[in-house]
Amino acid sequence: MNPLTRFYLFLIFSLSTLFSDTLVHISSHLALCVFILLNNRSEWIEIKKRLVPFLKFFPMTGLLFFIITITVSEKTIIEAFLSVFFATTRLLIVIAAMTIYIVQSKSEDFMIGLRSNWLLIGKSWKWVEDAFLFFEITIRLFPKIQDDFEQAEISQSILSQNKDFTPYRRFKNIAKNIPDFILMTINKADQISLIVKGRGYGISFPRTVYPFLPLHWYDLIIIIFALILFVLTHFYVTI
């Protein structure tokens with residue numbers, strides 16, 4: 001499936017979940033999310049690793065919303081509980097779906113899909129090419145910067161006599177080391193710009209892309225069908 005089509009389907013599913021206001025709608029979206037999760041059993045470990053930190057906050061946020069609801073509104077306790085339960089469930093489904101998408105898909109594939117379809121248009125606009133290059137470099141470098149920062153924290157923890165890294169101390173270390181990492185990133189950006197110029201970037205537009213992943217006719221059918229289903233479900237069908 002084309003990366004843009006996959007992104008569109010997960011996006012329309014997330015929007016559909018947020019628009020769901022009945023038990024039938026929410027239950028059907030939850031069942032579909034579980035089905036998608038079961039079809040990605042090989043990636044359960046990575047999905048769990050990314051999803052668990054969010055799940056830890058749901059009981060606390062749900063309780064906070066419940067207290068605010070019964071305090072500022074005229075709803076009964078049962079109505080407030082159902083309202084908070086539905087809102088929390090919708091948020092959980094959206095986070096789970098987008099986590100599955102992030103694990104299943106690569107950011108580079110999404111950018112390749114955009115560039116492939118831009119290449120089909122055939123416009124020689126340098127600012128668009130520069131924007132693609134900027135986002136591609138950012139996507140590629142950001143995980144590396146995160147790894148460098150985590151390795152620096154691990155090294156400081158090993159060398160430090162005080163092994164107890166409180167959130168305040170961690171925040172203080174981040175603020176202290178941010179300028180160094182900014183300078184390191186700027187130096188990497190200068191090196192990359194020299195490499196890009198050395199490989200001939202800027203001579204001809206639009207730039208080619210590999211692999212070439214344009215949208216096909218069946219991708220358009222999937223996009224239109226998903227949009228029609230979304231409109232019929234939330235704007236014309238009352239359950």
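At roughly what angle do the axes of helix α1 and helix α2 cross? The axes of α1 (residues 3–19) and α2 (residues 23–38) come within 10 Å and cross at roughly 150 degrees, where helices are DSSP runs (H or I, at least four residues) numbered from the N terminus, and axes are lines fitted to C-alpha atoms over the stretch in contact, with angles from 0 to 180 degrees between N-to-C directions. Therefore α1 is roughly antiparallel to α2, a label given to angles over 145 degrees. The model is predicted, with local features requiring pLDDT of at least 70 and side-chain atom pairs counting only at pLDDT 80 or more, while totals for chains, interfaces and linings use all residues. Residues are numbered from 1 along each chain as its sequence is written, and side-chain values use heavy atoms, with hydrogens and water left out.

The crossing of α1 and α2 is left-handed, that is, the near helix is turned anticlockwise from the far one by less than a right angle, clockwise being right-handed. Phe10, Phe13, Ser16 and Thr17 of α1 meet His29, Leu32, Cys33 and Ile36 of α2, contact meaning heavy atoms within 4.5 Å. These residues divide into five nonpolar, three polar and no charged.

The second pair is α3 (residues 44–55) and α5 (residues 77–104), whose axes come within 10 Å and cross at roughly 150 degrees, which means that α3 is roughly antiparallel to α5. The crossing of α3 and α5 is right-handed. Among the residues making the contact are Ile47, Leu51 and Phe54 of α3 and Leu92, Ile95 and Thr99 of α5, and the residues of this contact divide into 10 nonpolar, one polar and two charged.

Notes:
Helix = DSSP H or I, 4+ residues; strand = E, 2+ residues; numbered from the N terminus. Parallel < 35°, antiparallel > 145°, perpendicular 65-115°, else oblique. Nonpolar A, V, L, I, M, F, W, Y, C, P; charged D, E, K, R; others polar.
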